[in-house]
There are 2 protein chains.
Amino acid sequence: MRPDASDSPRGIAMVGFDADDTLWRSQDYFDAAQAQFERLLADYVDLADVGARLYAVEQRNLALFGYGVKGMLLSMVETAVELTGGRIRGEDVHRIVELGKQLLQHPVELLPGVRAAVEAVAAEFPVVLITKGDLFHQEAKVRQSGLSDLFGRIEIVSEKDPPTYARLCREFGIAPQQFLMVGNSLRSDIAPVLALGGWGVHVPYHTTWAHEAQARVEAGGERLRTVPDLAALPPAVRDLAALAVAG
Amino acid sequence: MRPDASDSPRGIAMVGFDADDTLWRSQDYFDAAQAQFERLLADYVDLADVGARLYAVEQRNLALFGYGVKGMLLSMVETAVELTGGRIRGEDVHRIVELGKQLLQHPVELLPGVRAAVEAVAAEFPVVLITKGDLFHQEAKVRQSGLSDLFGRIEIVSEKDPPTYARLCREFGIAPQQFLMVGNSLRSDIAPVLALGGWGVHVPYHTTWAHEAQARVEAGGERLRTVPDLAALPPAVRDLAALAVAG
């Protein structure tokens, strides 16, 4: 069934958790900021696709800015100048920067049942937090979440792809086949871990950034469970762990 | 002499290197971008202290943005709007964003003798790279430097203070008294490590961001050497290592 794991130790040795929209609300705040941005530009231009144009600028800038609020903010400024043909007023540029400052300061609101679910999993497995984006902002959110004592390690990475997860597993001293990842993004949390022979529990969130929604699980579906919320996580992890031991 | 180290293992067990302005040029590019920013604002306002006002905005935003190009860029946009009373034109906002994009893409230019010096130290001690700032940008620079194969670990941190160095030493499995840090900033690279009982080699750079220049070494001067360039580093490390063994 899993020829890539045939020589590896069996069982789950570590469980990783994504943070934004898995442990606490995040995308809602981004969506609200984008709606404010669109209202602000409506004073200048009559365009139905401001959101799509912003997304195109963000994608273009991703290789330079990486993920996170500050990069999004700079893409918003750039989009505003472009779409208004340079007519954007200083006061509205200021409003865009303020939108970003609010995003960087929103309270960290845990999703329902998070603490109990992480504690239940942590009672059986070492757990780590793996999140991508802006180092400074993510560290601040982890501190405010009150959850940092539950995690043995907190890893903030610039991209969540197979090479990153492979490096983390090396640093953790485990094989990817012993690693299980929990998260809301198929693209960032699930597909790359399954591709390495690992395990995943997908916890969908009600809203997903277009970028994260672009994913298909190509292989390893038998090592994936989907649960409606974190309350259903501990039994799903136990179920997969039993499968992993059976091999 | 060092009561804090009396119960600790002796000798140097690991050498850390700062990156920006220690291994490669960085502040020069920031200085050039700031000069361009000042010229751009000279079209609007007749102020001799644009640089000082930008610095004040950067300091105000540091707790929110952290270090790095993107935060500086957002502070530039904010300063431009403030100082022009909102009269800044869209095309000039665009020029500021472009300044930042150039900063994010400047070539990584190693300082003279870097590779030989790091190789010489690495032949005798495990070496790690410890840099602060924007995760995404710093990772890109490390990749481009061609030096990443020399370092056992690369740590990108949000602040270089005693708690951060203490955490890193725990993760490295050594006591702070066994750690030696090499860098150009007394504030970020030297003073916090000396404060923990560690060792430092200061390699001054010809230009220093005002923020990094604010430091005094309060204690531990006997565990510090200053060298004019990295060619003089290996003997300075050996000298301190001999002192550390002697205790």
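Two strands count as paired if DSSP finds at least two bridges between them. Keep that in mind for chain B of this predicted model, where strand 2 (residues 127–132) and strand 3 (residues 153–157) run parallel and are joined by 5 bridges. In that pairing, B:Lys132 stands opposite B:Val157, which belongs to strand 3 of chain B.

Now for how the two chains sit together.

Where do the copies meet? Contacts link 27 residues of chain A with 28 residues of chain B. On the side of chain A that touches chain B, these elements each give two or more residues:

| Element of chain A | Residues |
|---|---|
| Helix 2 | 50–65 |
| Helix 3 | 69–83 |
| Helix 4 | 90–105 |
| Helix 6 | 135–145 |

By residue type, that side of chain A splits into 13 nonpolar, 7 polar and 7 charged. And 100% of the interface residues of chain A are also interface residues in chain B, so the copies meet through the same surface.

Let's take a look at helix 3 of chain A. Its 15 residues reach 21 Å from the first C-alpha to the last, close to the 21 Å expected at 1.5 Å a residue. Helix 3 of chain A is mostly covered, with 13 of its 15 residues buried. After helix 3 of chain A comes A:Gly85, with a positive phi near 60°.

Terms used:
Residues are numbered from 1 along each chain as its sequence is written. Chains are lettered from A and ligands numbered from 1 in the order in which they are written. This is a predicted model: local features need pLDDT of at least 70, side-chain atom pairs count only at pLDDT 80 or more; totals for chains, interfaces and linings use all residues. Helices (H or I, at least four residues) and strands (E, at least two) are DSSP runs, numbered from the N terminus. Two residues are in contact if their C-beta atoms, placed from the backbone, lie within 7 Å. Ala, Val, Leu, Ile, Met, Phe, Trp, Tyr, Cys and Pro count as nonpolar, Asp, Glu, Lys and Arg as charged, and the others, Gly among them, as polar. The expected span of a helix is 1.5 Å times one less than its number of residues. A residue is buried if 20 or more other C-beta atoms lie within 10 Å of its own, exposed if 12 or fewer, and partly exposed in between; C-beta atoms are placed from the backbone.
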